Amino acid sequence: MTLDHRKVEIVQEILSTSQEELLDAIDEVIQKFTKPKYRLNLSKHQNIRKKVDLNELKKERPLKEFDMKVFEEEANSLEWEKSIDELLSELD
């Protein structure tokens, strides 16, 4: 059996299947060989647009003013379990 015959046979099997698990397994194998290591799958998310109009988006979600004073007050009121030096040392 030639490589082309094997491809056709596999494609026919894929087209005739109704098992989602089989398709998931095939997709996983294909990704390991052909796709980048990380892939973002947005198929299960809703309300994702292919194109976005920036002006429309600004109307839907207007910018909020950032108040640095309020931010500093909130940040200073946080209680940390570790000191800043301990947190910084964990970054190394």
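The model is predicted, so local features need pLDDT of at least 70 and side-chain atom pairs count only at pLDDT 80 or more, while totals for chains, interfaces and linings use all residues. Residues are numbered from 1 along each chain as its sequence is written, and side-chain values use heavy atoms, with hydrogens and water left out.

Asp-4 pairs with Lys-7 in a salt bridge whose closest N and O atoms are 3.9 Å apart; the term denotes a side-chain nitrogen of Lys or Arg within 4 Å of a carboxyl oxygen of Asp or Glu. Both residues belong to helix H1, three residues apart, or about one turn of the helix. Helices (H or I, at least four residues) and strands (E, at least two) are DSSP runs, numbered from the N terminus. Lys-7 is partly exposed, at 47%.

In helix H2, Glu-28 and Lys-32 form a salt bridge with a closest N and O separation of 3.8 Å, and being four residues apart places them about one helical turn from each other. Glu-28 is partly exposed at 47%, whereas Lys-32 is exposed at 64%.

Glu-90 and Lys-82 are also joined by a salt bridge, at 2.4 Å from N to O. Glu-90 is partly exposed at 48%, and Lys-82 is partly exposed at 38%. The salt-bridge count comes to three.

Turning to the loop between helix H1 (3–16) and helix H2 (20–34), Thr-17 is found there. Thr-17 is buried, with a relative accessible area of 18%.

How values were computed:
Buried means under 20% relative accessible area, exposed over 50%, partly exposed in between (1.4 Å probe, protein chains only).
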